[in-house]
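Here are some notes to read alongside the model. Please keep the structure open as you go through the points.

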Amino acid sequence: MYNEIHLNKIDIAGEPPAEEPARQYYFMAKCQDWVREFEQKKGRRPTAFIQTFGCQMNARDSEKLLGILEEAGFVQGADENSDFVLYNTCTVRENANLKVYGRLGYLGGLKRKNPDMLIALCGCMMQEPQVVEKIRKSYRHVDIIFGTHNIFRLAELIFRRLTEKKMVVDIWEGTDAIVEDLPVERKYPFKSGVNIMFGCNNFCSYCIVPYVRGRERSRNPEDIIHEIEGLVADGVVEVMLLGQNVNSYGKTLEEPITFAELLRRVEQIDGLERIRFMTSHPKDLSDELIEVMKNSRKICKHLHLPVQSGSSRILKQMNRKYTKEQYLELVDKLRAAVPDISLTTDIIVGFPGETEEDFQETLDVVRRVRYDSAFTFIYSKRTGTPAAAMEDQVPEDVVKDRFDRLLKEVQDIAAQVVMRDEGTVQKVLVEEMDTHEPGYVTGRLSNNTVVHFQGDASLIGQIVDVSLDEARGFYFMGTKR
Ligand code: SAH
Ligand code: SF4
Ligand code: F3S
């Protein structure tokens, strides 16, 4: 992949190439020049720190951004006291935005102490014109702003900032391009996210993602397989296939292919042990996919299946394109095919017009499905989405009360559901040293439940048998076999 291209052979005296990714390797080499100068002056290499807000898609983007920074010569910094600080932002709910503005004030203080510091912002929030306007006006200490469609251009943007010496803003409204083969710096050596598609076409009425991530685009299956084979050769045993709606993968490719078929091909990669994916939209979950999950040895026994609401009336308003009954039927089909599957979900409370009756329908779904866990969100009004213009926004105190009741229900059920595996022996992928208990490690079951047990760092990245001695709410304490 990228290391086939040797940066020191790139002619940086000439003009930058027009085609990608060659153009970006040219700018990485240019940045390396600057890094060498920096090193001569300060006796050390510049540090770079990325803070990720938001979902797994953003986390994966951050790994790519860090890959570019390392190739450009930066070393990883531990925190915001770094020479280059990048916030990869999320805007799915208002509180995600507020966090970023808060941190930007703090960065201003750091920059006064280190005037050479570079501050960059990217990600979903930057795709909103009013956000960029506000930053241009009120946060002049920001150096580089870019969006979700052009992250591959980081080196070019840094180089521009260094030469132009003023704020660089590069936001694209959309793109058809998928630039492959740039460097990536993975957070974990043994597991990795893999983008299979970008963007979203569903326009759920509350959701801003389609506006900030653009139209749905699938990667070619060959590129995906090639990437996973490379990852496996590099020590990866678990992949998480990523997309806003993986079940519609491949529909718009020149040679259409289904998500189920992609999974069949990924399954055949030798050395790969576990396959996860997210997110599955219930409206597009096919019988073919259920069949593949049933027959697979590698697909994990876990499905994240966001329901959002249990009320068919609200689901219609949300533009989710399924009813409560259809969702429950789907769950029955899945459980019939894969009896030990764990189901998790996302739920929004307080969508405009939600009544106590609607909310009771949501509680009913939670009680019937019995999720292993659920992410519960208070509805957040996002400018530009259809729901933001709906009347009947639910008063805050009512929403808060529903949220608390929902959370209690979800947690009580999750604790009981997790119990069912107590006393069994199961395979655990060890992920890290336990952060609370010295001498312990932390890993995950196929169904994604967390397990802590005695062990040392040599186990990290290995799949081992562990007896699940004691369920403690949503996790287990175990013993290695
Ligand atoms: N593509 C995924 C979800 C991406 S956003 C899917 O369709 O399931 C992750 C979650 O954030 C959503 O499932 C939803 O529950 C929540 N969310 C999205 N917009 C929201 C909003 N305006 N207010 C509150 N929660 C929201
Ligand atoms: Fe948002 Fe719906 Fe797309 Fe998920 S499927 S990202 S909730 S619009
Ligand atoms: Fe947030 Fe963007 Fe993901 S808005 S949830 S980071 S796609």
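1. Let's start with two helices, α11 (residues 324-337) and α12 (residues 356-369), which pack at an angle of about 10° with their axes 11 Å apart. The two are therefore roughly parallel to each other, a term used for angles under 35 degrees. Axes here are lines fitted to C-alpha atoms over the stretch in contact, and angles run from 0 to 180 degrees between N-to-C directions. Helices are DSSP runs of H or I with at least four residues, strands are runs of E with at least two, and both are numbered from the N terminus.

2. Which residues of α11 and α12 meet? From α11 come Lys-324, Tyr-327, Leu-328, Val-331 and Arg-335, and from α12 Glu-361, Asp-364, Val-365, Arg-368 and Val-369. Contact means heavy atoms within 4.5 Å. By class, this contact of α11 with α12 has five nonpolar, no polar and five charged residues. Ala, Val, Leu, Ile, Met, Phe, Trp, Tyr, Cys and Pro count as nonpolar, Asp, Glu, Lys and Arg as charged, and the others, Gly among them, as polar.

3. A word on the basis: this is a predicted model, in which local features need pLDDT of at least 70 and side-chain atom pairs count only at pLDDT 80 or more, while totals for chains, interfaces and linings use all residues. Residues are numbered from 1 along each chain as its sequence is written, ligands are numbered from 1 in the order in which they are written, and side-chain values use heavy atoms, with hydrogens and water left out.

4. Next, please look at ligand 2. Around ligand 2 you will find Cys-200, Asn-202, Phe-203, Cys-204, Tyr-206, Cys-207, Val-209, Pro-210, Gln-244, His-281 and Arg-320, where a residue counts as near if one of its heavy atoms lies within 4 Å. This shell has seven nonpolar, three polar and one charged residues.

5. Ligand 3 has Gly-54, Cys-55, Asn-58, Cys-90, Thr-91, Val-92, Cys-124, Arg-213 and Gln-244 around it. The classes in the shell of ligand 3 are four nonpolar, four polar and one charged.

6. Finally, some backbone details worth a look. The peptide bond from Glu-20 to Pro-21 is cis, with omega near 5°, and Pro-21 lies in the segment before α1 (22-42). The bond from Met-278 to Thr-279 is also cis, with omega near 5°; Thr-279 sits in the loop between β11 (274-278) and α9 (287-295). Gln-308, although not a glycine, has a positive phi of about 70°, and Gln-308 belongs to the loop between β12 (302-304) and α10 (312-317).

Terms used. Parallel < 35°, antiparallel > 145°, perpendicular 65-115°, else oblique.
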